[in-house]
Amino acid sequence: MNKFILLFISILIFNICFAQGSISGKIIDSATAKPLSLATVTVFNAADTSLITYRLSNNNGDFKIPGLPINIENRVLISFSGYSVYRKEFLLTNDKPDLDLGTISLPTDAQSLDEVLVYAERPPVTVRRDTIEFNAAAFKTLPTALVEDLLKKLPGVQVDGDGNISVNGKRVNRIMVDGKEFFGNDPKMATRNLPANMIDKVQVTEDKDEKELNPDRPEGDIGQVINLKLKKGVKKGWFGKAYAGGGTDDLYEAGTILNLFKDTMQVSLIGFSNNLNRAGFGFNDIRSLGGFDRSGMNMIMMNSNGGVNVNGISFGGLGDGVNKSTGAGFNMNHVLKNNITLNSQYFYGNSRNDVEEINNQQQFLGDSILTTRFNRREVIKGNNHRVAFGLRGKIDSLSRFDFKPSFSFSDQLARGLKDIFTESNYDGLLNEGINRMDNQSEEMGYQHSLMYFKNFRKKGRTLNLSNSVDFKNNGNDQTNEVLNTFFDNGNSYTDITDQLRIQDQKNLTTNLNATYIDPLTKTLNLRLGYALNYFNNQYTIETYNKANGSEKYEIPNLSLTNDLGRISWRNTISGGLNLKIKELSITTMANFLKLDINNQFKTQGQQVEQNYTYLLPSLNVNYKSFNASYSVNVSPADIADIQPIPDNTNPLFIRYGNPDLEPSKSHSIHLNMFKNIVAKTLFFSVYLNGNIRENGITRNRVIRPDGVQESTPVNIDGQHSFYSNAHFNKQFKFKNNFQFSIGGGYNFNYDRNLLVVNSRESYVTTLGMGPSVNTGVNFNDKVEWNIRYNRNFNFSNYENDDFNDLEINTHYLNSDLVIRWPKNFVLETNLQYRYNDQVAPGIQPTVTLLNGGLTYLFLKDQKGQLKLSVHDLLNDNINVWRSTRENLITDRQLNNLQRYYLLTFTYNIRDFKAGKVGGTQRFFLF
């Protein structure tokens, strides 16, 4: 009996505590009786206004909210932008757990919801036309949470492990703060630096800028923009990081990035110095923290060691040999009146490279093998300055502009010694020489880009005007002291070259482009365009020899002196149609090109006029995430290729120009498809690029009996090149925060070119194939392990039996392991393995690079990091490459830093918690 009483009491308590009810209804416009979809229905506890739950009405205006508490006074609040708010308090009981509110008519109201609702009653989600607005206070986070943690709690928002954001499956392009850019276009600048408790609202809307500037892009591929509205009184802050470290062999590193924002101004300060053969900061830090997202990036160079160059500014780790780099600069953004943004930037960079190179080149011609080998020792020092500005904004509601001018100055001094020899498998040693080089250069430049974009009142009608200017003045003084010895049947003779070669190049390029789009129907647009390109190139070479008994270069060598100029006008008129049906967009264009070139051989007193007309078609197709295009382009030869005097700075390899070169005509195709299936955590992409050239340029080489080689550019047909790659990555998520990923892909390269050596001709086909696989595991961010393997095959096949087929195989393995355990400790290891199965004698075939580090996190919120690292633990690091081209196999071996130990302290200058420590910074993620 007691058991039954106990069971009855338990059931009664369960029903009282856990019984649930529901409310339902239909929401309509009081004037039109039309249903209101996406109205927000929020249920609060009536006593303390704490949020219980919410729903959005469906397309018919219906809603139903289950799971509501019984025997507790609740309040339902129904809101929709532009309408009055509906409130009703209700009580659900065990007898009546379900409440039907019937049809609820909302009258229009000009007041905003913020004016009508008290703060505690604000709904979690509000839909305002094309904007979804989240009330940040309705989604609870920890006191130390960042914006990224808040976003992960919002319905429909996904944030992956690398901080990339999507909303309802569509990517987020950028994040604004109070309607303004926050340190550029990288969303992670805000999500991983701002605390969640600063945020009042999160607003999501379509990226209208991307839609306007890319009218061919399908609707489903247009990204989104998140605007973070800060709470009142939060208008300033600062964050960044600083580090310093020292190691064995006098190695060191130091750097800081500091970002400050206040009201409408954002300032970034950056400085670094190291002699570790790497960039002072990773690319992501340079792009976002360093401010280059705001000033723009026109050119990016990166290497496998992490070296970075942005807009001609070296941040370290680039170039041959061992690099030392120092740099400093600032970037400032200021929002002026009428939301016009002014950006200014200055950066100074200094670098030094100490180079030791072994280069072995083998040429195959029938059963003859010609081997050229040189050892190079060189020191290269450089300085560069860059000043840039930017001004962009909206002139009115329909038009905008963007103006970016920049000035640059650089100088470089390179001094080196190269000893070289050439031998034949039949005739033995043909020549040997020593070349002492001294090269001093300076370059001054000015560039700007100007864009004006206008929407008209008629939907779809747009006008886009752009102008760019690029001027460079480059001066180069190079001295060569060369002693060459030639051997012939036991006899030998010497040849001495001692000269100063002064080169002065002034290059001016300016472009003016106009594009007009006018909709003819809902699906068909007319496109008209005009492009004017003006080129003015001046290339002067003066060569001087020493007088007998003098150390000065004062005797002109007229045979190696020339003044060459080129002026080119390129006018293109284009017209076409664009058809857009749902997710499909097809654009076809016809381009009439008139190309006028005036080559001025001033020293010879000659002018050569070249006038051409072309009709060039183009086609572009977009369907969802698939893009295909075909175009034809015409390119004149580079001015250096038409220079009539030889370049003899290496007397054993002399380069000639060809004033009779014709412009090259290239037929290009591009195919690209990518898909990111968020729900299945699957990403894949496929890319194909191809070029078929008429009047392409190759080099006619002559190998003299003494081993001296001469090279002259010539026009040819039948020159083809194709490149393709594909990548996929699939992630599996299990319980206990365990993740497993697997991926793979390939790189494929096809090249067909005409080889001309000693009047023997052969088309050579070069194939390069590189399959790759990768996998990784992640257990609760405590243990991360990633491994990648590449196998590269290269084949060169010749149609003429005078040339031997060539083959190269290489292997690459990369493995990263990160262990974040025990608490406050991070252990990292990186293994890189490279193997070439065929190398020349004296070239190291295998390189195994093992790096490791142990980091201790301390201070409040883990702001401090102390890291002990070891580079090249096996003391085996060296740069080795093998490559093929034409009938050549080239092996290169360069010096590099080998084993060293380093202790570095890093301090995160911010009042927010530190991000995840450990692992490599990835720029390209497949």
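Tutor: A residue is called buried when its relative accessible area is under 20%, exposed when that area is over 50%, and partly exposed in between. Please keep in mind throughout that the model is predicted.

Student: Is Asp-518 buried or exposed?

Tutor: The relative accessible area of Asp-518 is 12%. Buried means under 20%. Therefore Asp-518 is buried.

Student: With which residue does Lys-458 form a salt bridge?

Tutor: Side chains of opposite charge can pair when their charged atoms come close. A salt bridge requires a side-chain nitrogen of Lys or Arg within 4 Å of a carboxyl oxygen of Asp or Glu. For Lys-458 the closest N and O atoms of the pair are 3.7 Å apart, and the partner is Asp-518.

Student: How many residues apart in sequence are the parts that this pair ties together?

Tutor: Lys-458 lies in the loop between strand 26 (428–455) and strand 27 (462–488). Asp-518, in contrast, belongs to strand 28 (residues 491–519). The pair therefore ties together parts whose separation in sequence is 60 residues.

Student: Is Lys-458 buried, partly exposed or exposed?

Tutor: The relative accessible area of Lys-458 is 37%.

Student: Which residues are linked with Arg-376 in a network of salt bridges?

Tutor: Arg-376 meets the side chain of Glu-378 in a salt bridge of 2.4 Å, N to O. Both Arg-376 and Glu-378 are buried. The residues linked with Arg-376 in the network are Asp-320, Glu-357, Glu-378 and Arg-892.

Student: With the side chain of which residue does the side chain of Arg-882 make a polar contact?

Tutor: Arg-882 is part of strand 48 (residues 879–885), and its relative accessibility of 13% counts as buried. Among the residues that Arg-882 touches are Ile-808, Asn-836 and Asp-891. The polar contact of its side chain, at 2.7 Å, is with the side chain of Asp-891.

Student: Which side chain does a polar contact join to that of Asp-816?

Tutor: Asp-816 is located in strand 44 (residues 806–819). Its relative accessible area is 14%, so Asp-816 is buried. The polar contact is 2.7 Å, and the side chain joined to that of Asp-816 belongs to Asn-830.

Conventions: Residues numbered from 1 in each chain as written. Predicted model: local features only at pLDDT ≥ 70, side-chain atom pairs only at ≥ 80, totals over all residues. Heavy atoms only, no water. Helix = DSSP H or I, 4+ residues; strand = E, 2+ residues; numbered from the N terminus. Buried < 20%, exposed > 50% of the residue type's maximum accessible area, 1.4 Å probe, protein only. Contact = heavy atoms within 4.5 Å. Polar contact = N/O pair within 3.5 Å; in protein donor to acceptor, adjacent residues only side chain to side chain. Lists of a residue's contacts leave out its neighbours within four places in sequence.
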